[in-house]
Amino acid sequence: MKHVYADNNATTAVAPEVVEAMLPYLTTAFHNPSSMYELARGPSDAIAAARRVIGEMLGGVLEQELIFTSCGTESNNAALRGAARANPGRRHIITTAVEHPAVLEVCKAMVREGFEVDFVPVDTQGRIDLGAYVRALRPGSTLIVSVMHANNETGVVFPVAELARIAKETDPAILVHTDATQTVGKLPIDLNAAYQHVDLLSFSGHKLHAPKGVGVLFQRRGSRVSPYMIGGHQERGLRAGTENVAGIVALGKACELAVAAYADEARVQGLRDRLERELLAAIPYTHVNGAEAERLPNTLNVAFHFVEGESILFELDRLGICASSGSACTSGSLEPSHVLMAMKVPHTAAHGSIRLSLSRYTTVEDVDHVVAVLPDIIARLRRISPYWDAAANGPRADGPEIHG
Amino acid sequence: MAWNYSDKTKQLFMDAVQGKPGSHLGEVEDPDGLGEHGSIACGDALRFTFRVRKHPSDPLQDVITQARYLTFGCTSAIAASEALCMLIEQGEVTPLQALEVTNDDIVQFLEGLPDQKIHCSVMGAEALAAAVFNWAQHRGVDLEALGVDILPEETEEGRLVCKCFGLTEPYLLRKIKELGLKSIAELTAATKAGGACMTCHHQPGGLQDLLNQVWGIGGGEPTPAFDPDAPILPAPPAAELSPFQFMKKVEQVLDSYVRPMLQADGGDLEIIDIKDLTVYVRLAGACSSCMGASQTLKLLVERSLKEQVDERARVIAV
């Protein structure tokens, strides 16, 4: 059976070159980089080299501005908690209604601890409400602005550079954090030019073809942020714990490959656009979530009205296709995706939304396979749906009540 | 999350989706009984219909010969619907006997369901009850006189407890008793109540109170409700100048001087917010697409405001 992996916003395959680069640090060069003997120099130098590559990718940031962590979630926790600890006089946070749980849940926990948080809404295309953002800023009391660079479910890109400038012009002491997990390696980010007002940036290795278990927190020199994990002197005391040498080396290699493949993003976007066009043409009552917004080149979040996402995924899985869904039934909670709800996607469509996310390893055959099987899956599921009139090939007027 | 369904559940789902002969997908034409449960907003809905072999004189001896469903929902919702129809058809039962099929029977037939999917089996039992109620109306059977207590959900009007899923107090009290639900977690798994925003868990008259009312257990720990939609309004800025006067003067200067100039070029300007002495403006129209415009405008507007309103005024382009 043909297998198609179309869930690259969840995680990615580790690039073969990356595996090769990291292997020595799991075998012969296993030594603790903090040790004094000569053999520890290899791992120690390898970490420094990875830091240089990543620093260059982000626009030539200083090596001491990059802190290696275990994942994007850790970086986000460290940014928000570390900012709060270092600035006890500020108790107000601004974020968006559509953040990843790694930011959203931290903010909700901080509300319970007495912080005030504004969750800035988005419009029906998933774009941030700029007016609401500006009105939320409180000079003198806002601690931090934390806005994701691109949304993991819809791929909608937020104008983070602009938002950061507005925050800094309002009050230079407001810290600006962005969760760039979905964009690093896909979009160029220059932290010394367009993104010069961003103080903190998080990302994770396994979204760009490095293995799981390694992440980065960029922390601009001079930012008032306290260390999160206390222990040894590693990462200049900002993040204690023996370094994940193989993971860090792997991330360095993955970033090098990603920069070399920036040009390939146009091809990936071509594939995404082909997938989008073909599905919309083949399946009636279908729309793209965030269609009018600027989106990541690899992400397609498509809503098939009157069917349920989990059933679609189950059928895709059976046919060898890995995708994901914002449907209630797949989330563990009973509510459809908070992102689609914030975009006011109608329930008739939100439950039937699935996300297909591609990578530079995706081929045109992969896309064509999805296009070949999906219309039939949707047609068969609609035949089961009480909201669908198979004879008329459209929604039925007397289906069960649609409230909410 | 991997699929943790039983083989039976997966098989029933696949048979239905592939339209395998013998599956019960579909709808009985001119049905003798029709019941619906759920709604698309809640993530699943079931339309259940059946036909009976009518007894010439005694409707109570009608026998269900055909049962069909249309389901909007996840894998287990579709499998549970299939299970319901199979259970009913295989027994050659009367509609009243069919009522003895419980959600537990459906779970057993499916060889188990994950906890968070129990509501799929409850949905089947509810749609069945509604269909039997509908049959009774068609056939002139007085259920109340027979001591049969079925209340289709729509007749159970009452105070709305779970707003997310539209569940009322009488419905939830009935389900707590019928299914022996002892905790909020069990109640959520069976009915979805409280499964979304969770506001109703501990509020007065909420899920814990209903559980306490039925089982007489002591009060639960109240937790503060969290509403991400509730705006936290910024405190009014404390400017030396009256904020109202400052705002009026800013508007006046922009309207009489800056905006006419921009409008002449097909552009415009909008005040987004004023905080203290900081004015946030957005360029509109032809100006908004010009890359250099925003900083030029910032300087122009700022100078006008400094000269004519307050020398400490600042402008931020949005």
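What radius of gyration does chain A have, and what would a compact globule of 404 residues have? This is a predicted model, and in it chain A has a radius of gyration of 22 Å. A compact globule with 404 residues would be near 22 Å, so the two values agree. Along the principal axes, the C-alpha atoms of chain A fill a box of roughly 75 × 50 × 35 Å.

Next comes the make-up of chain A. Its secondary structure runs to 13 helices and 15 strands. Of the 404 residues, 55% are buried. Take the contacts in chain A between residues at least 6 apart in sequence: 71% of them join residues at least 24 apart.

Now look at one helix in chain A. Helix α6 of chain A spans residues 160-170 and is mostly covered. Of its 11 residues, 8 are buried. They are A:V160, A:L163, A:A164, A:R165, A:I166, A:A167, A:E169 and A:T170.

Two helix pairs follow. Packed helices are described by the angle between their axes and the distance between the axes.

Helix α8 (residues 265-282) and helix α13 (residues 364-384) of chain A have axes that come within 10 Å and cross at roughly 15°. Angles under 35 degrees count as roughly parallel, so α8(A) and α13(A) are roughly parallel to each other. The crossing is right-handed. On the α8(A) side, the contact uses A:L271, A:R274, A:L275, A:E278, A:L279 and A:A282. Facing them in α13(A) are A:V364, A:V367, A:V370, A:V371, A:L374 and A:P375. By class, this contact of α8(A) with α13(A) has 10 nonpolar residues, 2 charged ones and no polar ones.

The second pair lies in chain B. Here helix α6 (residues 169-179) packs with helix α8 (residues 207-215) of chain B at an angle of about 50°, with the axes 10 Å apart. The helices α6(B) and α8(B) are therefore oblique to each other. As α6(B) passes α8(B), the crossing is right-handed. From α6(B), the residues B:E169, B:L172, B:L173, B:I176 and B:K177 take part. They meet B:L210, B:L211 and B:V214 in α8(B). The residues of this contact divide into 6 nonpolar, 2 charged and no polar.

Notes. Residues numbered from 1 in each chain as written. Chains lettered and ligands numbered in written order. Predicted model: local features only at pLDDT ≥ 70, side-chain atom pairs only at ≥ 80, totals over all residues. Axes fitted to C-alpha atoms, helices over the stretch in contact; angles between N-to-C directions. Helix = DSSP H or I, 4+ residues; strand = E, 2+ residues; numbered from the N terminus. Parallel < 35°, antiparallel > 145°, perpendicular 65-115°, else oblique. Left-handed = near helix turned anticlockwise from the far one by under 90°. Contact = placed C-beta atoms within 7 Å. Nonpolar A, V, L, I, M, F, W, Y, C, P; charged D, E, K, R; others polar. Rg over C-alpha atoms; globule rule 2.2 N^0.38 Å. Buried ≥ 20, exposed ≤ 12 C-beta atoms within 10 Å, placed from the backbone.
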